[in-house]
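I opened the notebook to record what I looked up in this model, one topic at a time.

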Amino acid sequence: MTVQHEVPSTDAGEALEVWIDQDLCTGDGICAQYAPEVFELDIDGLAYVKSADDELLQAVGATTPVPLTLLQDVVDSAKECPGDCIHVRRAADKVEVYGPDAE
């Protein structure tokens with residue numbers, strides 16, 4: 001069963017990026033189910049973001065752009081994550097718009 005959430009509108013053309021706090025990751029894999037183009041579980045059992053070239057980004061705090069076509073899936077991942085470890089923020093000013101620190 002897929003739960004659909006309404007995505008609040010962002011300014012047109014506003015670039016967003018996403019990162020995962022591995023210290024809080026539960027390894028549940030919900031993010032990889034929602035958006036496998038953006039998230040992947042590594043052999044350590046934790047989720048990481050992937051680059052546009054499908055490379056796993058394992059550096060602490062590594063970010064990847066959120067493609068507009070996948071925004072809904074990335075937001076659903078952040079909302080459904082049991083570890084509250086997925087952070088989506090504006091690339092321009094680093095303000096979190098979805099995730100545990102969003103206002």
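The entries below begin with the ground rules and then go through the elements I looked up.

**Ground rules.** I am working with a predicted model, in which local features need pLDDT of at least 70 and side-chain atom pairs count only at pLDDT 80 or more, while totals for chains, interfaces and linings use all residues. Residues are numbered from 1 along each chain as its sequence is written, and side-chain values use heavy atoms, with hydrogens and water left out.

I took helices (H or I, at least four residues) and strands (E, at least two) as DSSP runs, numbered from the N terminus. I called a residue buried under 20% relative accessible area, exposed over 50% and partly exposed in between, with a 1.4 Å probe and protein chains only.

**Partners of strand 1.** I counted two strands as paired if DSSP finds at least two bridges between them. Strand 1 runs antiparallel to strand 6, to which 5 bridges join it, and E17 stands opposite R89 there. Strand 1 is also joined by 2 bridges to strand 5 (residues 64-65), again antiparallel, where P65 is the bridge partner of E17.

I then looked up the order 2-3-4, in which 3 strands form an open sheet with antiparallel pairing. Its edge strands are strand 2 and strand 4 (56-57), each of which pairs on one side only. Between strand 2 and strand 3 (residues 47-50) I noted 3 bridges in the antiparallel sense, and A47 in strand 3 is the bridge partner of L41.

**Helix 2.** For helix 2 (residues 71-80), I listed L71, V74, V75, D76, S77 and A78 as buried. Taking contact as heavy atoms within 4.5 Å, I found that what covers these buried residues includes strand 1 (16-20), helix 1 (30-34), strand 2 (39-41), strand 6 (86-90) and strand 7 (96-98).

**Cysteines.** With a disulfide defined as a pair of cysteine sulfur atoms within 2.5 Å, I recorded 0 disulfides in the structure. C81 is in no disulfide, and its nearest cysteine sulfur, that of C85, is 3.6 Å away; C85 is likewise in no disulfide, with the sulfur of C81 as its nearest. I also checked their burial: C81 is buried at a relative accessible area of 11%, and C85 counts as buried at 2%.
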